[in-house]
Every structure is written in C-alpha cells, then in structure tokens.
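Visitor: I would like to know what stands behind the labels used for this model. Please take me through them one at a time.

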Amino acid sequence: AASKRAADSTDGRVDSVWNVLELAFALAFAVESVARIWALGMRRYWRSLANRFDFVVTWTAVLVTLVVYLPNAFSDSRAIRLVLTLRLFRVARLLLRYPSV
C-alpha cells in the first residue's frame, strides 16, 4: 500500500501545494527572463554569464515541468525537483553578489 501511494505521488498530476508552487515559480522565472531580455536586448542580456546560467536553469525547469505534467509516458515529478536544485546555485550566486544580505 505504501509503494502504491509513492507511485501515485509521481503520476504527473498537479495535485499538491508543492506541485503548484513549482509550476508557479517556473512560470514566474520564465516571465522574468523574458522581461529582462526585452529590457536589455538579447545581445546585452546574453553577455552576462549569470544571465546565461539563469536562462538555462529557468527554461530547463519550464521544459521539465511541461514534460512531467503534460500527458506522456514520462510523468515523474521528482525530475522537476532535480532541476530545481540548480536554483540553489542561483540563490548562492545572489548571496555572494550581495554579501551584506
């Protein structure tokens, strides 16, 4: 019965607060990256290694989220968590950039 519940928690449905938060943050970060590209222009935006890293992490998270939640053979929501751990590097980079925070 416990293994059945574990399998149900990774069936690709957006059915928990964490799943909804993951989806909301992925979309929020995607909107942020598009807004920054629009404001700075692609060439200026892409010059920054930090922006490149944020772009790759953000859009990878969006793509993995879509793959997990859209109907298909792969629907293991643990894949999202794996990609989202990269966001910790983004937070660490921001903390290093602003050490007084």
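**Labels and their cut-offs**

Guide: From the N terminus on, the elements run α-α-α-α-α-α. This is a predicted model, in which local features need pLDDT of at least 70 and side-chain atom pairs count only at pLDDT 80 or more, while totals for chains, interfaces and linings use all residues. Residues are numbered from 1 along each chain as its sequence is written, and side-chain values use heavy atoms, with hydrogens and water left out.

Visitor: What makes a run of residues a helix or a strand, and how many of each are there in the chain?

Guide: Helices (H or I, at least four residues) and strands (E, at least two) are DSSP runs, numbered from the N terminus. The chain has six helices and zero strands.

Visitor: Why is Asn 51 called buried?

Guide: Buried means under 20% relative accessible area, exposed over 50%, and partly exposed in between (1.4 Å probe, protein chains only). Asn 51 has 7% relative accessibility, so Asn 51 counts as buried. Asn 51 lies in helix 4. Of the 101 residues of the chain, 27% count as buried.

Visitor: Which residues does Asn 51 touch, beyond those up to four places away in sequence?

Guide: Contact means heavy atoms within 4.5 Å. Asn 51 touches Arg 36, Leu 40 and Tyr 45. The side chain of Asn 51 also reaches the backbone oxygen of Tyr 45 at 3.1 Å. A polar contact is a pair of N or O atoms within 3.5 Å; within protein, one must be able to donate a hydrogen and the other to accept it, and residues adjacent in sequence count only if both atoms are side-chain atoms.

Visitor: Why is Thr 58 buried?

Guide: Its relative accessible area is 2%, so Thr 58 is buried. Thr 58 is placed in helix 4. A polar atom of the Thr 58 side chain lies 2.8 Å from the backbone oxygen of Asp 54. Neighbours within four places in sequence aside, Thr 58 is in contact with Ala 26, Phe 29, Ala 30, Ser 33 and Arg 90.

Visitor: What makes up the largest nonpolar core?

Guide: A nonpolar core is a set of buried Ala, Val, Leu, Ile, Met, Phe, Trp, Tyr and Cys residues joined through side-chain atoms within 4.5 Å. The largest has eight residues: Ala 61, Val 64, Val 68, Tyr 69, Ala 79, Ile 80, Val 83 and Leu 84. Helix 4 (49-69) and helix 5 (78-84) are the elements that give two or more residues to this core.

Visitor: Why is Leu 21 called partly exposed?

Guide: Leu 21 has a relative accessible area of 34%, and therefore is partly exposed. Leu 21 lies in helix 2 (residues 17-40). Ala 24 lies in helix 2, and Ala 24 is partly exposed because its relative accessible area is 40%. The C-alpha atoms of Ala 24 and Val 62, 38 residues apart along the chain, are separated by 10.0 Å.
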